[in-house]
Amino acid sequence: MQFKRIGVLTSGGDAPGMNAAIRSVVRTAIGRGVEEVYGIYSGYKGLIEEDMELLNIRSVSNIISHGGTMLYSARCPEFKTEEGMQRAVDVCKKRGIDGIIAIGGDGTFRGATDLTRRGIPCIGIPATIDNDISSTDYTIGFDTAMNTVVELVDKLRDTCESHARCNVVEVMGKYAGDIALHTGIATGAISIAVRELPYDEDQAIAKIIKARENKKRNFIVIVAEGKENFAEAYAKRIEEKTGIETRFSRLAHVQRGGNPTVRDRVTASLMGKAAVMELLDGKSNLVICERKGVITSMDINKALKIDRMFKDLMTPEEYAELEAEGSLVDMRRHCEERAAAKLNLYRISQEICK
Ligand code: F6P
């Protein structure tokens, strides 16, 4: 198929590096003979409302270093309805959009798969600071967010050291404690708590008491937000049980902004190019992934299933279906490798953060 016109959009929570991905998509597409690239504003909402503009090589200049997304982002409940979906397809037909590159998280990919099913080929690019898309080892924005956390926690540690205090820091990560695990190691946190791994509170408190007896003055505890309603109350319990003055800090959305790091700019550029190449090659319903350092791709439906499996959301019927189609073993291995990598990080943190 000849792709004359394609669209690019960003959807879901923004992530630093989305602009670098947009730039790469636009420049690769135009360089490879696509006549026009529409930048669709505010994700699927803009598609339904026909809020879009033609982008060119120059209109994506000077965005690679900017956080946020020049195409804006929004959640769009209407897109999940049959009428909303039909409207999106009609807009694509009216504007002559032959395919779409959708940059975002799993909600974005669900939208992409729905559009593909209705005849608009889509390719997804994973971008979310949480690194919680299980089909890929890396999502755009993760590195920048971690560096933001590290910069802020280093500052908190300075003041903890001066006052001999503890600070419980809640970082983002609704379904995945990846930000917490990595930044906990990088900031020398005495303890890290994430939703998906067991946490022994008594053991952690005993460790803090022992470290204080050992003349330690600063105590950083990192908690992932996925461990709901935990961090703030935990700070109070630490103070009660250790006698160490303890503060609570929620870093929240500051983690989503800022200039993307080299890692995010480069990965976004590589993924943007890969997405366009797959589309022009006649492929659709794929998500671009990074696996063991290599940029590759996976069928979106498979990626969404792996995600459900990893997050323990699959029903017995879904498992039976996968077994019948012969893909269960492969998907299980994928999830086990991912879980093992996480557990390894956790164990290392427990061993060296004292
Ligand atoms: O983008 C991921 C994320 O930052 C999560 O870590 C967090 O739970 C959520 O988005 C917050 O979303 P919102 O922007 O709607 O507050």
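1. Helix α4 contributes the most to the lining of the largest pocket, with 6 residues. Helices here are DSSP runs of H or I of at least four residues, and strands are E runs of at least two, numbered from the N terminus. The elements that give two or more residues to this lining are α4 (106-117) and α10 (300-310).

2. This is a predicted model, in which local features need pLDDT of at least 70 and side-chain atom pairs count only at pLDDT 80 or more, while totals for chains, interfaces and linings use all residues. Residues are numbered from 1 along each chain as its sequence is written, and side-chain values use heavy atoms, with hydrogens and water left out.

3. The largest pocket holds about 1000 Å³ of space. Of its 35 lining residues, G12, G13, R75, D106 and G107 are the closest to the centre. A pocket is an open set of points on a 1 Å grid over the protein atoms alone, with protein on both sides within 12 Å along at least five of seven lines; a cavity is a set of points where a 1.4 Å probe fits but cannot get out; lining residues have an atom within 4 Å of a point. Grid points are joined across faces, edges and corners, and a volume is the space filled by probe spheres set on the points.

4. By class, the lining of the largest pocket has 12 nonpolar, 9 polar and 14 charged residues. Ala, Val, Leu, Ile, Met, Phe, Trp, Tyr, Cys and Pro count as nonpolar, Asp, Glu, Lys and Arg as charged, and the others, Gly among them, as polar.

5. Around the ligand are G13, R75, D130, M172, G173, K174, E225, H253 and R256, each with a heavy atom within 4 Å of it. This shell divides into 1 nonpolar, 3 polar and 5 charged residues.

6. A polar side-chain atom of E225 is 2.7 Å from a ligand oxygen. For R75, a side-chain N or O atom lies 2.8 Å from an oxygen atom of the ligand; for H253, the distance from a side-chain N or O atom to a ligand oxygen is 2.8 Å. Taken alone, the ligand exposes 400 Å², of which the protein buries 73% (Shrake-Rupley method, 1.4 Å probe; for residues, only the protein chains shown count as cover).

7. The second largest pocket holds about 280 Å³. Among its 13 lining residues, N131, D137, D178, R338 and A341 are the closest to its centre. Both α6 (178-186) and α12 (328-352) supply at least two lining residues, and α12 has the largest share, 5 residues. The lining comprises 4 nonpolar, 2 polar and 7 charged residues.

8. The whole structure has 1 cavity of 30 Å³ or more. D106, F109, I133, S135, A303, L304 and D307 line the largest cavity. Of the elements, α10 gives the most to this lining, with 3 residues.

Conventions. Polar contact = N/O pair within 3.5 Å; in protein donor to acceptor, adjacent residues only side chain to side chain.
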